[in-house]
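Here is a short tour of a protein model, written to be read with the structure open beside it. Let's start with the overall layout and then look at some local features.

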Amino acid sequence: MDVTSYLVAPALVGWVIAREFAGRWVPVRRSLLLPLVLVVVGVGQAGHVQWTALAAAVVGADVLLTAGLGVLRGSAIRLTLRDGYLYQRGGGPSVGLWVLTVAVRGLVALPFLHTSAGTALESTLAASFGISLAVQFAVFNARVARDGRPIRPARRGADTRATLGR
C-alpha cells in the first residue's frame with residue numbers, strides 16, 4: 001500500500017463524520033456510490049495479497065465487526081422535523097461509534113501485524129470502510145423509508161449544504 005492509501009481513508013472518515021455531525025435535510029436521492037467505490041478499490045488492493053486461512057479468517061471477522069458497527073451508526077443518526085421536512089444529524093453517539101469503529105479496526109490488526117493477516121488487513125482497509133459505510137447507509141435508508149415524514153424536495157440552484165447551528 002502506498003502513502004495515499006493511508007491518507008485517503010482517514011480523510012474520508014473525517015468528511016463523513018463532519019457531514020453527520022453538522023446535520024442536513026435528508027436528501028431525496030441517497031447514494032451508495034462512495035461505499036461502492038471504496039469496496040472496489042479495496043478489492044483491487046487485496047488482489048495482491050497472499051491469502052492464507054488465517055488472513056481470510058481475520059479479514060472476515062474484521063468485516064463482520066465493522067459491518068455490525070455500521071448497523072449501530074446507521075441507527076444512531078437522529079431523524080427530526082425541521083421546517084416541515086425530515087432532517088438528519090449525528091451527535092455524540094455517532095462520533096463515539098466512529099471512534100469505536102476505528103479503534104476496533106486497530107485492535108483487530110494489532111496482534112496480526114507481522115503475519116499474512118496483517119498484510120491482508122492493511123490491503124482491505126478501503127473495502128472494510130466501504131462495507132461499513134454501505135451497511136450504515138442501508139440501515140439509515142431503511143429508517144428513512146419507514147419513517148414516513150416528508151423529505152425536502154431538491155431545489156434547483158438552492159443551497160442544500162449542511163446547516164450547523166440552525
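## Overall layout

Six helices and three strands make up the chain, and from the N terminus they follow the order α-β-α-α-β-β-α-α-α. Helices (H or I, at least four residues) and strands (E, at least two) are DSSP runs, numbered from the N terminus. Keep in mind that this is a predicted model, where local features need pLDDT of at least 70 and side-chain atom pairs pLDDT 80 or more, while totals for chains, interfaces and linings use all residues. Residues are numbered from 1 along each chain as its sequence is written, and side-chain values use heavy atoms, with hydrogens and water left out.

Of the 166 residues, 38% are buried (under 20% relative accessible area; exposed is over 50%, partly exposed in between, with a 1.4 Å probe and protein chains only). Among contacts (heavy atoms within 4.5 Å) with a separation of 6 or more, 85% are between residues 24 or more positions apart.

## Two salt bridges

The whole structure holds two salt bridges, each defined as a side-chain nitrogen of Lys or Arg within 4 Å of a carboxyl oxygen of Asp or Glu. One joins Asp62 and Arg105, with the closest N and O atoms 3.0 Å apart. This pair links distant parts of the chain, with Asp62 in helix 3 (residues 53-76) and Arg105 in helix 4, 43 residues apart.

Are these two partners buried or exposed? Asp62 is buried at 0% relative accessibility, and Arg105 is buried at 11%. The other bridge pairs Arg149 with Asp147 at 2.7 Å, N to O. Here Arg149 is partly exposed at 30%, and Asp147 is partly exposed at 27%.

## The second largest pocket

This pocket has a volume of about 490 Å³. Of its 21 lining residues, Ala9, Val102, Arg105, Gly106 and Leu125 are the closest to its centre. A pocket is an open set of points on a 1 Å grid over the protein atoms alone, where a 1.4 Å probe fits, with protein on both sides within 12 Å along at least five of seven lines; lining residues have an atom within 4 Å of a point. Grid points are joined across faces, edges and corners, and the volume is the space filled by probe spheres set on them.

Helix 1 (3-22), helix 4 (92-109), helix 5 (116-123) and helix 6 (125-147) each supply at least two lining residues. Helix 4 gives the most, with six.
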